[in-house]
Amino acid sequence: MDKKVRDLMNDQINKELYSAYLYLDFANYFEARGLDGFANWYKIQAQEERDHALLFYQYLQNNSEKVELEAIAKPDVVLESDLGVLNAGLTHELYVTSLINDIYAAAYDVKDFRAMQFLDWFVKEQGEEEENANDLISKMELFGGDSKGLYMLNSELAARVYNTPSLVL
Ligand SMILES: [Fe+2]
Ligand SMILES: [Fe+2]
């Protein structure tokens with residue numbers, strides 16, 4: 001593999017594991033608030049992020065590239081309000097989208113069609129992640145203002161279940 005594409009994918013393993021760590025921190029915030037549904041939603045999101053990390057890990061291994069695992073940073077988002085946490089989630093996903101786009105651009109530059117095909121899944125996934133983050137914010141703004149609405153929203157998010165990723169390597 002091209003060194004730049006390889007290095008960016010190797011970094012992405014760390015970024016996805018950091019995302020998992022960040023969302024576990026979000027879940028921790030909501031657990032302490034007594035909002036177990038929101039906590040459940042972010043715990044499942046953390047599982048998805050771990051899956052993303054493992055896909056990059058497996059892709060590099062499948063292509064005979066050496067994986068180098070680095071230290072995972074401490075979550076650095078200040079969690080001050082429910083809506084603030086949801087907004088931080090959207091900001092983070094927009095950042096992750098930019099990372100995926102950067103890897104795609106590097107693969108495109110060297111005509112690494114296999115990498116581009118692999119990354120197509122992540123391009124679509126990031127569209128979904130941004131949509132999910134936006135939905136949470138909209139629902140919170142619409143219904144989270146009173147305790148009954150917040151209770152209903154929390155119950156909805158409690159129903160989220162983990163699904164294995166549709167991409168298998
Ligand atoms: Fe991810
Ligand atoms: Fe997802």
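Student: How are the donor residues of the iron ion (ligand 1) spaced in sequence?

Tutor: This is a predicted model, in which local features need pLDDT of at least 70 and side-chain atom pairs count only at pLDDT 80 or more, while totals for chains, interfaces and linings use all residues. Residues are numbered from 1 along each chain as its sequence is written, chains are lettered from A and ligands numbered from 1 in the order in which they are written, and side-chain values use heavy atoms, with hydrogens and water left out. Donors are N, O and S atoms within 2.8 Å of the metal (3.2 Å for Na, K and Ca), and sites may look incomplete because water is not among the atoms. Glu16 (OE), Glu49 (OE) and His52 (ND1) coordinate the iron ion (ligand 1) at 2.1 to 2.2 Å, and in sequence these donor residues follow the spacing E-x32-E-x2-H.

Student: Which helix holds both Glu49 and His52?

Tutor: Helices are DSSP runs of H or I with at least four residues, and strands are runs of E with at least two, numbered from the N terminus. Glu49 and His52 lie three residues apart, about one turn of the helix, and the helix that holds both of them, residues 36-62, is α2.

Student: What term describes the site of the iron ion (ligand 2), judged by the angles among its four donor atoms?

Tutor: The iron ion (ligand 2) is coordinated at 1.9 to 2.8 Å by Glu48 (OE), Glu125 (OE), Glu129 (OE) and Glu129 (OE). Four donors count as tetrahedral if all angles lie between 85 and 135 degrees, whereas four count as square planar and six as octahedral if opposite donors are over 155 degrees apart and all others between 65 and 115, and anything else is irregular. The angles among the four donor atoms run from 48 to 109°, and the site is irregular.

Student: How many residues apart are Glu48 and Glu125?

Tutor: The donor residues of the iron ion (ligand 2) are spaced E-x76-E-x3-E in sequence. Glu48 in helix α2 and Glu125 in helix α4 (residues 113-143) form a pair that links distant parts of the chain, and their separation is 77 residues.

Student: How many salt bridges does the count come to?

Tutor: Side chains of opposite charge can pair when their charged atoms come close. The rule requires a side-chain nitrogen of Lys or Arg within 4 Å of a carboxyl oxygen of Asp or Glu. One of these bridges joins Asp7 and Lys3, with the closest N and O atoms 2.6 Å apart. By this rule, the count of salt bridges is nine.

Student: What is the N to O distance in the salt bridge of Lys124 and Glu128?

Tutor: Lys124 and Glu128 lie four residues apart in helix α4, about one turn of the helix. Lys124 is exposed, with a relative accessible area of 58%, whereas Glu128 is partly exposed, at 35%. Their side chains meet in a salt bridge with an N to O distance of 3.6 Å.

Student: Which residues form the nonpolar patch on the surface?

Tutor: Patches are made of residues with over 30% relative accessible area and no salt bridge, like charges being joined within 9 Å and nonpolar side chains (Val, Leu, Ile, Met, Phe, Trp, Tyr) within 5 Å. Accessible areas come from the Shrake-Rupley method with a 1.4 Å probe, and for residues only the protein chains shown count as cover. One member, Leu24, is found in helix α1 (residues 3-33) and is partly exposed, with a relative accessible area of 45%. The patch has about 270 Å² of accessible area together, and its residues are Tyr21, Leu24 and Ile72.

Student: Which residues does Gln12 touch, not counting residues up to four places away in sequence?

Tutor: Gln12 has its place in helix α1 and is buried, with a relative accessible area of 2%. Contact means heavy atoms within 4.5 Å. Not counting residues up to four places away in sequence, Gln12 touches Phe56, Val96, Leu99, Ile100 and Ile103.

Definitions and conventions:
Buried < 20%, exposed > 50% of the residue type's maximum accessible area, 1.4 Å probe, protein only.
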